[in-house]
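Subject: A structure for you to explore

Hi there,

Here is the structure I promised to pass on to you. Have a look around first, and then read my notes below.

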Amino acid sequence: MKKVFLGTLSMAILLTSCVSQKKYADLEAKHKETQDLLNSATVKLNDCLEEKATASSRLQTLEDQNAFLKANNQELINNMGNLTTLTTKGAENLEKSLESLREKDLTIRKLQDAVTRRDSVNLALVQSLKGVLGNLDDEDIEVSVEKGVVYVSISDKLLFRSGSYNITSAARNVLGKVAKVVNNKPDFEFLVEGHTDNVPYKGSGALVDNWDLSAKRATSIVRTLQNDFNVDPKRMTAAGRSYYIPVASNDTAADRAKNRRTRIVVLPKIDQFYSMIEEGMKDPAIGGSGN
């Protein structure tokens with residue numbers, strides 16, 4: 001009986017021991033599996049934390065870049081606004097400059113047209129003078145144009161005797177031909193200049209020197225044109241230039257003879273010249289109104 005009991009107890013202990021070993025093994029296996037899962041999760045967690053740190057760092061970098069780009073964008077917008085303002089002002093200034101240039105160009109063209117017309121009138125005047133004076137010796141009378149002004153230079157041997165301011169009969173013939181042309185040009189004024197050589201005046205009477213002689217000769221010609229040939233006195237001016245504007249040296253008799261001369265300077269009236277300019281401004285061919 002005792003042996004049976006002991007045998008039964010031993011069997012029970014043995015069975016109990018076998019069950020505990022099996023559970024332990026199962027638990028051990030589950031523990032190992034859990035540990036493996038924990039280790040794997042820990043690795044993944046660490047990876048996630050690293051990725052998060054990297055992502056956070058990248059996010060901060062992107063935010064910084066975004067802020068920088070926003071600032072730059074605003075600056076560019078401001079600059080574009082300023083540039084637009086400057087461009088608009090530049091375009092306005094350029095347009096004003098171009099308009100000013102167009103006006104200046106038009107004015108120049110109008111003035112050039114007026115000068116061309118004046119030159120045409122002067123050319124016609126020269127041809128008229130040369131036509132009526134063509135039979136005279138070229139050394140005694142010369143018609144020329146200088147700086148837009150017509151000059152008629154007449155040697156004193158055709159007009160006066162030496163040291164005198166009285167007009168000779170030959171002079172009346174010459175002055176009559178000049179008067180014929182100037183009377184046909186009522187829109188012109190002219191200046192009569194008396195010139196002498198540098199030999200001091202030694203005559204008697206009221207004349208003192210070459211100034212007086214040159215001025216008196218000029219007034220004699222003006223008076224003759226007025227009284228004998230009906231030239232309007234309002235169109236004439238008399239001037240004495242003495243010997244201070246020679247055309248040759250005074251070293252020889254021939255050169256002194258060239259310096260003793262009377263010069264008639266023919267020029268348009270100032271208001272007539274302005275009228276030519278105004279007419280030029282009205283010419284449609286050069287941009288005028290035509291009115």
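**What I found**

T168 is buried, because its relative accessible area is 14% (buried means under 20% relative accessible area, exposed over 50%, and partly exposed in between, with a 1.4 Å probe and protein chains only). T168 sits in the loop between β2 (149–155) and α2 (169–183). Helices (H or I, at least four residues) and strands (E, at least two) are DSSP runs, numbered from the N terminus. Apart from neighbours within four places in sequence, T168 is in contact with L158, L159, F160 and R161, where contact means heavy atoms within 4.5 Å. The C-alpha atoms of T168 and K157 are 9.2 Å apart, and these two residues are eleven residues apart along the chain.

Two notes on how to read all this. The model is predicted, so local features need pLDDT of at least 70 and side-chain atom pairs count only at pLDDT 80 or more, while totals for chains, interfaces and linings use all residues. Residues are numbered from 1 along each chain as its sequence is written, and side-chain values use heavy atoms, with hydrogens and water left out.

**The whole chain**

The protein chain has five helices and five strands, in the order α-β-β-α-β-α-β-α-β-α. Of its 291 residues, 27% are buried. Among contacts with a separation of 6 or more, 68% are between residues 24 or more positions apart.

**Salt bridges**

How many salt bridges does the structure hold? There are six, each being a side-chain nitrogen of Lys or Arg within 4 Å of a carboxyl oxygen of Asp or Glu. In one of them, R217 pairs with D156, with the closest N and O atoms 2.3 Å apart. R217 is in helix α3 and D156 in the loop between β2 and α2, so this pair ties together parts that are 61 residues apart in sequence. Both R217 and D156 are buried.

Next, follow E193. Its side chain meets that of R241 in a salt bridge (2.8 Å, N to O). That pair links distant parts of the chain, with R241 in the loop between β4 and α4 and E193 in strand β3 (residues 188–195), 48 residues apart. E193 also meets R263 in a salt bridge (3.0 Å, N to O). Here the link runs from strand β3 to R263 in strand β5 (residues 261–268), 70 residues apart.

**A buried arginine without a partner**

R235 lies in the loop between α3 (210–229) and β4 (236–240). R235 is buried yet has no salt bridge, and the nearest side chain of opposite charge, D232, is 5.9 Å away (Lys and Arg count as positive, Asp and Glu as negative; His and the chain ends are not counted). What does the side chain of R235 reach? It reaches the backbone oxygen of F188, at 2.8 Å.

Most residues other than glycine have a negative phi. N230, which is not a glycine, has a positive phi of about 60°, and S242, also not a glycine, has one of about 55°. Is each buried or exposed? N230 is exposed at 64% relative accessibility, whereas S242 is buried at 1%.

Enjoy exploring!

Definitions and conventions
Polar contact = N/O pair within 3.5 Å; in protein donor to acceptor, adjacent residues only side chain to side chain.
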